Structure formats: structure tokens, C-alpha cells
Amino acid sequence: MKLLSVDPSNYDDAPIEGIRRILEEFTSEKIPRSSKIPTGKIEWIRMGTTVATNALLERKGERIALCVTRGFRDLLQIGNQARPSIFDLKVSKPSNLYEEVIEVDERVELVWDGEGDGSSVEGISGELVRVLKHVDVEALKPLLKGLLDKGIRCLAVVLMHSYTYPHHELLVEKLALEMGFKHVSLSSSLTPMVRAVPRGLTASVDAYLTPVIKEYLSGFMSKFEGGSEQVNVLFMQSDGGLAPEKRFSGHKAVLSGPAGGVVGYSQTLFELETFKPLIGFDMGGTSTDVSRYDGSYEQVLETQIAGAIIQAPQLDINTVAAGGGSKLKFQFGAFKVGPESVGAHPGPVCYRKGGELAITDANLILGTVIPEFFPSIFGPNEDMPLDYEATRKAFENLAIEINSHRKNQDPSAKDMTVEEIALGFVNVANETMCRPIRQLTEMKGHDTKNHALACFGGAGPQHACSIARSLGMSEVLVHRYCGILSAYGMGLADVIEDLQEPYSAVYNADSAQEASRREALLVKQVKEKLREQGFGEENIRTDSYLNLRYEGTDTTIMVKQPDAASGNDYADEFVKLFQQEYGFKLLNRKILICDVRVQGVGATNILQPRELTPVATKPVQETSRRIYFSCGWQETPLYKLEKLGYGHVLEGPAVIMNGNSTVIIEKDCKAVITKYGNIKIEISAPQSTVEVTEKVADVVQLSIFNHRFMGIAEQMGRTLQRTSISTNIKERLDFSCALFGPDGGLVANAPHVPVHLGAMSSTVRWQLNFWGDNLHEGDVLVTNHPCSGGSHLPDITVVTPVFDDGKLVFFVASRGHHAEIGGITPGSMPPFSKCIWEEGAAIKAFKLVERGVFQEEGIVQLLQSPRSDEFADYKIPGTRRIQDNLSDLHAQVAANQRGIALIKELINQYGLVTVQSYMHHVQKNAEVAVREMLKTVASRVQKENGSCVIEDEDYMDDGSVLHLKLTLDANKGEAIFDFEGTSPEVYGNWNAPEAVTTAAVIYCLRCLVDVDIPLNQGCLAPVKVLIPKGSFLSPSDKAAVVGGNVLTSQRVTDVVLMAFQACACSQGCMNNLTFGDDTFGYYETIGGGCGAGPTWDGTCGVQCHMTNTRMTDPEIFEQRYPVHLHKFSIRENSGGSGLHRGGDGLVREIEFRRPIVVSILSERRVHAPRGLKGGENGARGANYLIRKDGRKIFLGGKNTIMVSPGDILQIFTPGGGGFGSS
């Protein structure tokens, strides 16, 4: 039985309505909606619920307050500083779940080696902690009372280092409950793991959702006669286990529906129907969930849902915004599917509620959704079928628009039929769904082709054959209960109890013994919890885990206890898993324990798969239906699954109706009914190639190739992140990967770091000109010099030419920020460099790999012994971390290799001529989008200013001028960015190579288009960027440039966006902080305020414009480095006032605990971020050093200092400008 999940005009709650209807059907007794449900015939109920997910998505949870350590009131709002979408000028961040924040006057710090004294105590994790300040209870009481007076009765608590020292959180909970709070969520109880931000967000989610869930469950149980005592109900959790009502909480409920599906396919298909690992493909109405199973559930400890990070064990389920309800659009000459959904209400056009075209409508047109086999639950009386006529009419209207566009492109183009258009949208949707499947498998080091596709969900089986073909899979499995597999999976699931505690130690014999002792205690507690729920010892099993990582990395792996028979210990297992996932192992590197975890499973043994007896008869065809395939309409036999038996074989094309699900068996595929009654589809034919017309792009293939090219760049990025070793690349994500044509023109650039956008094209073209015909298969080039298209020296670019039959056909390149490249200061970001050679090793052109041989000796020489042309005798310090450099260069080579493999796969599938034609077509498509945007902007500017020429200028803090004359052409949709009038090269390091200015222009154009277009050379086709030679935007090859990438790029962006009058200036700086000594180095960029715009206030405390790297969590910061973070909060009222306020900057106060060298490289300390159209300027930034004796010293914008223990660095980052007069 299937019901609409939301149908307020007919019933309040779908699960209760479903139970009522089932009982009516099976007892033949009427149960009025107004009466309670009799429980005499109900043995058990297993249920997943979207109540938590919906409350989170719609922000309809409980009113809550957040309680944090003093100095960190904005900790969760700031998060990791990264903005969710790098091209969104509004920086739309999800709203906070909490209404109020109170700060507790308390502080705990970790004790460093050699600092121990009588005042320190051992925390739960084994780390020594010192209580600097106990909770001031008397000061806390009035703050809590103030919350109660405002009607807030739920509290989320996160205090610094409570993962190891929870006493202060427990004290706050005790006080709050005594004072009348109804629910308190403690971060230390929910997820006792290091990292304050995800732990605090988890506590917020739990406090926000648990009361809502409790209220829903209470209402749900009250609908039964006798209430909860009379009915056995267990609820599905995100980790794939069941929990009774009392133990079902908010932070474990958000993935309960999808988790049921994973349990369903894994327990009924793996090793019963196939021995291949499975990819779960659950296509629903609004989204598609993708997962993987290979004998054990793949879990993650952290996930992000609706903008909220949840840190708790949960199944690794990737959700892509493409489902039956995905909206269909025709935009800039290409088909677009999603990410917006038409929802369940009003839904697709065919739902008779006035909705918009969606994938379900396309399938209806093609005949793969058959109205008479679809529930007639539509219309005012819920008794009408799907509306085919309305859907056809909507597609006919869209066809007029599409065919008009095609005729404009090519007058001889044949009109596309409604069916061709519908099939086109389905093909684009399939490619959209293939991208996350490739990512899920290949980012973990598995080959997608070696999997079977386990397909379920209402819409999945219609798409399964096409998707398997696209992915190169040969086997699809469709469960007999595929339409309700998530529900069936809940009947197969077990009850799970999970306990975890932090334990911080280097892995060795002693720590392994201590971990084992802790495991034994957790096992005892877990078993006790399961016994309380009625499980006998024979139905309980436990699994133990250690959460491990290599020293110096942030990548943890939850390692299951190895079988005794294997002879391996946890460390052996960790090294094996690390190498499988990341492609390498780290030699002579300590392994660290982070957490001990035990999972207890109470086996329910309710449902078991049943075997069928083979049938001797032939399959009986029920009827036939006309279905539209790529070869046109075909009369297709239709079978009902309930009339098919074990051993029946159906040759495609065919349709199998499986309850409410339609299974489409395509041509050249074969369906076999298995002994468990499931459908196994064998995919034999490869995907067909595409006809190519040189002049005009096929509107469907254009979208598909956009996806494929972007998918290649994204997968290169994932390979680089996976195989790199440095924090900058692996955790801060300071890297970019891209794909180029044989002329060096950009084809696709995965949007990683904006300052790299389009900039690598200059690099590739410079290398192409330099090497000429001296490029061979197996060569890999390396460069970082600004004059050869680089940005600054730490950004090393690795370029690989791609050959096909000896002909150069593409380039791939990856650029990553190396933490150390030599130069006059550790970290290679010297504030006072005046010449390029002071900033480290500068490489114009070198073959890192020559004809397949890695040139290690040559690259080590270049990195360790950099030379200056001017000062031959001057010894420049080389890199201080050569092994890390080599590891990351190997990772970049591997990322490029991944790109080459994917390009060759594409060429094998479609042929070189087609692939290169579509390379040009996607560039043309981006050009059209930018031209349309420029025409619109030019018309607006002409109307407001009376001219299409705008001039704008701004100043660097030393007074050097950055001048722009922007000339727009409203007819052609073109723009000239002329920087004539910009100051000459500066005697400092904020000179910016031309590639940096080009990247800033591309970034601004992409933000202004505000449509998801591919980032490629086409974006620059309607644009001329004129930069005067010798200016600080086009300096000589001797100029210092380290600040140009991180400071000047921000000023160029501000000037361009101000010229377009798109928004006021943002903080205009990256606030680069480095510190270290001979033993370590640390680098961070600090967020600030965004500029306000015509309809929005600027966002506070985020990375702006040309960077989007992440901030280290405060607890990790203090655990790894000799620092004490006093404050990290929003700098109130630093945003410019106006009709729309600029975003506020940040305040960061760091106390150093040992002597080290600190460098700050920042801007906007003299010239404030400007407001626009009457808006006020944002506040300027400021940097201070407060010495231990109390002296406060102003550091200016750029400085290097030697600090002593007890000294405090205070950084105030700039606010954004306001927009419009207030």
C-alpha cells in the first residue's frame, strides 16, 4: 500500500493512516479516522520517520538556547568559515538552530609536555587537563533564568574540551534541570569526540529535534488503544539499527528512512543474489540516495544535513538532488534537471495540483510510468489517475521554446518531438545521478564497473538499465519489494546500541592494552542496555573499534577489531585500510588513537528471505504497452512480477510491473527471476555513441558533456585530496583541478578555490609555448613561477598532456598550496619579501616525469637549492619539508593520471571527434550565458548612469592605486576590463601576476550570471582584460608576489563588483597568519565581513570571494599547537550600516605557550572596505600584540615577530561595506 507522505486535506499523519487502511483491508472492519486503532492484531511496528529531517529542513524545531565557554559565543555560527556556495554573493548560510547564546565563565586547557604540575588532572581521553576557571554557578543562574523568562526551555551545551573533561557540562545540566528546563543536550554525552564545532552542532541538532520527535511519538502512540504499553514499536536510526521510543533521539533520526533501504538491499541481495559489492540506488521523489555495501555497513562519523553538521555514527549515504520530482528547465541552450524539486505538494504536472514539469512527467510521456498501474489518488476526491493530457500540453509549450532556440542556432535543424525532449531530460537526469555514484566508489579507491547496482525506490527501476550502462556495470538487481524496500529493511534491521569514549594516545603495546580495558567496560555497558530491552545473550553480539589516524594528519579511520585468525592488530588493519582508501602508506609515522567505540547488536530475526521453487512453464505476458526508447516507439510486452516464477527469463525490451514500481528492461538487456523472487538484469550492450554535428550542439548531449567534463575535474580533485598528505590540501582544501583543450583553453574547472579559477589556463598555454613539440606521452610538467602563469610560489601546478594515438588532444592540471617551499620565513609567506627569490623555490618549467620516469633528483635540487639570477652568491633557504613536497607532488601526478583515464574512457565511448566537438560546444554554452548576463547588466547600467562606461578605483594600504575602466556593450554582450591607471610594480609582495586578475574577473562574472554554468574559457570569450605591463597587476619576473594571490586578488574583486554595482566591498583581505619554529609550521586564513547587496545584508565571519579554505577547530588547534585560544567571535558592529548592513568581521585572540616566530600578512588596515549607494564603509582591520607584561603593541598590516610564552596576538578582521542609505 502506498500513500502520499503529505496530504493535509485528507489525513494528518501518513503512517497512522497506512496502519488504519491495512487493518481495514485485512479485518474487513471499518475503523473511523476519529477513533483509536485497535492493537489486538498488531504483532509489531517498525518505523522510520522524516519528522526530524523535515523539522531541520523547514527550521520548525523546538526553541533552544546555546550555552558555550566564554569567548566562543559565535563558535557555531562561524563554524569552519567556509561558505556553502562560492558563487553566491549573498552567502546564504543556513540559519542558526538556537535563538539565544549564554556564555559560561569557565575554562579548561590541555597540559603540554613539561607543563604538568599538581593542578592538572587526567581526562577521560588520557590527556592531562588543567582547570583554569571553575564554573561560576552564581553568575550562570540569572542567565538561565533569563532564558526561561523568554519561554526557552531547551538547552544545548558545548564547553571547550568537554570531550575529555565533561564535569562542567554535567554541572550546567544539573543546574538547568533543577531550574525548570525540560531538555538539555550535552555535547560530551552525545558525541564525546575532540572538535568543538561538530560536537556543538550535534548538541544543537539534538536539543532542537528531540522534543519535536518526543512530541510526535507521544501523539503517534496515543492513536493506539492502550497507548505504548499495548504495541511493540521500534524506530529506525541513521546508523541502520532500531531503537525503542524512549531511546530514539533527534541527532540519530535524520537518516532513518534511507537507512532502512540500505539494510533492505544489503541483507537480501549480498551473497544471496551476487558476490559483487553493491551500489545502493534509491531514487525517490525529491532526491536519490546512493550507498555502498561490501559485507559490512560503511559508516561515517560526521555528516551535514540541511546545513547542520551531525557527529554520530551513521550509514554513509550520499544524497543527490535528482529524483522523480526534480524540476525540468531549458536554460542557455541546454537541458537542466534539478537541483530544485517540485516537491510532493503541488508535485509534478501530472499530479493535478498545478505543479511544474518534473522527471515523473517525462517518464509518463515515454510510457515508462503507466497510469493504470499507478495509484489513482489524485484530484479533489483522491480517486483520479495521473493527468497525461496536462503533462503533454506542458511539454508541447516547452518544445516551442526549445525548437525556436535550435532554429536560431541552425535554420535547418529538425524540430524535436515531445518524446525526444522527454527522453533528453531523462538522459540528463541519469547523468546527474551517475556523478555521485562514481564519486562514492572511486574516491574510496574502488572501481565502479566491478559493482552490481541494487536498485529500489519508487522511480529507480525505470532508470536502472541506463544508469548501469553509463557506469559500465553489467548487473542490476531489483528487489521484489523495491517500492517499499526501506520499510522492508526495517523488518530486517536489528536493535543497535553504540557507545564511544575519547582516548588520546600513541598506538603501542601499552596503549593497546589500555584500549582493550576500555573496550571491555564499554562492551559490558552495551550488553546491559540490550538486556534491558529483552535480548538474551544468544541474540547479542558486539563489535569493537578504534578511531585511528597518522600523526600530523586529520584523516581518521574507524578500524574494526581484526579477527584473531588474521594475526593482524589494529595498526596493521589501519595501514591496510589507509592504503586502500588513499593509495599510499606513510612510513616511519606514528599512529595515534583518538577514540574507542563499541557497537552492540540485538538480533530481532523477524523477517528472513524465502526461497522459491523453480517453475517449468514459460512466462505469461499480461499485456503490452507502447514505450519510447532511444530508437523510437516500441510495442513492449508487460509482465506482472507476482505471475513470474524462479527461472523465468525475459529478453528486453520488456516491462515488469512490481506492485507500484515499474521495472524497465531495455533492449539488449535480459531479466532473470531469481530463487528469492528478485529480478536480476544482465546488461550486455555497451552504451551507444552520439551522432555529432560540427556546427550545432545537441541540446541534450550538451548537458551530458557538461556533467562529464565537470565530473572529470571533480574526480581529479577527490583523488588529489585522497592521496595528498599535507593539511593544506587534504583538510583545508586549498587546491584546484581542471581540464584543458589542446590549445590550453579551459574546458572544466571544479570550483575548489576561486583564486585558481581560469588562472591555470595561462600556465598550460605558457608550458605549451615553451615545450612546443618536445612533449611526449608519459611527460608531466611542474611549474610555480608567476611569469609562467603561476599565482604565488606555494601554489605548485602539475600539468600533464593527454595523447590519443600519438596526437595531443587535451591537458589536465592540478594546483595545490604547498605549506613549505623555502624562502626567508618558515611557511613561505614572508610579510616583508621584496624579491621573488626571498619567497622560495621558483620553477618556470621542469619535467617532473619524463617519458614515465619520475625525476626525483632534479625536483629535489630545484626545491632544496633555489637560485637567484641577481644574487648568485646569496644562499636562499630551500624547502624545510621536502618529503611532504614530494608526497603532494606524487598526489598531483596521481590526480592528473585519474583525469587522463577518465578522458580516455570518454573518448572510447563517444570517439575523439565527438568529445572535442563538445569541448568547444560547452565553451560556447558558457559564452552565451555570460553574454546574456552582460547584455542585462549593460542595459541596467545604461538606464541608471546614462552611460555604459564605469570607472572605479581603490587603494592598497600602502597607497598604490588599483584603477578599472569597465566598458559594456549592451548589443553584443561584451565587456572590456581596462586596468590602465593602476600603480607600477611595488617594492613589496602584493604584486599580482596577470593570472590572478584574470581569475578575479572570471569569479565575478560567474557570480553575476547566478546560474550553474561550467567554468571554462567561454566565460572570457566576450571579455577583454587589459592590464598595463609593469603595473603591480603585471609585474616583472623578479617581483615578490606572495601577497598578490591572497591580498590583491581580493581588491581586484571588490573593484570589479563595485563597478558592476553588484555589492559593497567585502573584507578585502585573507588575514594570513603563519607561526612556527624549526619543529612545526601552521598557516591559516581568517574570515571577515561580506559586503551587503541590493536585497541582502552582508554575512558575518566567513571567507569572502577569492578564498574558501577552512579554519582549524579550536580544540584541535589547542591540542596540536602550543597555543591557547582566548576568543574567536564575531566583531560586533564592524559591518558598514545602510539600508542593508555589511557583514561583521571576526576577533581572534591567541596566547602563545612557547617562543615561536609569528607572521601576519593582511590588508584593509588603512583603507576601509567601501559601502555602495550611500551605505557606510565597513570597519578597518587591526592587529595587536599584547605582551605578557600588559604592553599593547600595534603591528600594522604586515609584520613578523618573535613571541614569548604568555604573549597574546589579537586580530580584528575588517567588516563588509553597507548598501544603500539607511
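Two strands pair if DSSP finds at least two bridges between them. Helices (H or I, at least four residues) and strands (E, at least two) are DSSP runs, numbered from the N terminus. By that rule, strand E42 (residues 1072–1076) and strand E46 (residues 1156–1161) run antiparallel and are joined by five bridges. Across this pairing, Leu 1073 stands opposite Ile 1160 in E46.

This is a predicted model, in which local features need pLDDT of at least 70 and side-chain atom pairs count only at pLDDT 80 or more, while totals for chains, interfaces and linings use all residues. Residues are numbered from 1 along each chain as its sequence is written, and side-chain values use heavy atoms, with hydrogens and water left out.

## Two open sheets

Strands of a sheet pair through backbone hydrogen bonds, either parallel or antiparallel. E42 and E46 belong to an open sheet of four strands, ordered E43-E42-E46-E49, with antiparallel pairing. Strand E43 (1081–1085) and strand E49 (1198–1203) are its edge strands, and each pairs on one side only. From one strand to the next, the twist averages 15°. Angles here run from 0 to 180 degrees between N-to-C directions, and axes are lines fitted to C-alpha atoms, for helices over the stretch in contact.

Helix H23 (residues 1042–1059) packs on this sheet and touches E42, E43, E46 and E49. The direction of H23 makes about 50° with that of E46. Contact means heavy atoms within 4.5 Å.

The other open sheet has five strands in the order E44-E45-E50-E47-E48, and the pairing is antiparallel. Strand E44 (1123–1131) and strand E48 (1192–1194) stand at the edges with a single partner strand each, so one side of each is left without a neighbour in the sheet. Neighbouring strands of this sheet are turned by 15° against each other on average, direction ignored. Within the sheet, strand E45 (residues 1145–1152) and strand E50 (residues 1208–1212) pair in the antiparallel sense over five bridges. The bridge partner of Glu 1149 is Gln 1210 in E50.

Two packed helices are described by the angle between their axes and the distance between the axes.

| Helix pair | Angle | Axes apart |
|---|---|---|
| H11 and H16 (residues 699–723) | about 10° | 10 Å |

On the H12 side, Val 426, Asn 430, Met 433, Cys 434, Ile 437 and Arg 438 in H11 meet His 463, Ser 466, Ile 467, Ser 470 and Leu 471 in H12. By class, this contact of H11 with H12 has six nonpolar, four polar and one charged residues. Ala, Val, Leu, Ile, Met, Phe, Trp, Tyr, Cys and Pro count as nonpolar, Asp, Glu, Lys and Arg as charged, and the others, Gly among them, as polar.

The contact of H11 with H16 includes Glu 431, Arg 435 and Arg 438 of H11 and, among others, His 707, Glu 714 and Arg 718 of H16. By class, the contact of H11 with H16 has four nonpolar, eight polar and eight charged residues.

## The hairpin of E16 and E17

Strand E16 (residues 326–331) and E17 pair in the antiparallel sense over five bridges. Leu 328 has Val 337 as its bridge partner in E17. The hairpin has two residues between the strands, and Phe 332 takes a positive phi near 50° there. E17 also contains Pro 339, which is joined to Gly 338 by a cis peptide bond with omega of about 0°.

## Other local features

Most residues other than glycine have a negative phi, and most peptide bonds are trans. A cis peptide bond joins Gly 652 and Pro 653, with omega of about 5°. Pro 653 lies in the loop between strand E26 (649–651) and strand E27 (654–658). Asp 668 is not a glycine, yet has a positive phi of about 65°. Asp 668 is in the loop between strand E28 (661–665) and strand E29 (669–673).
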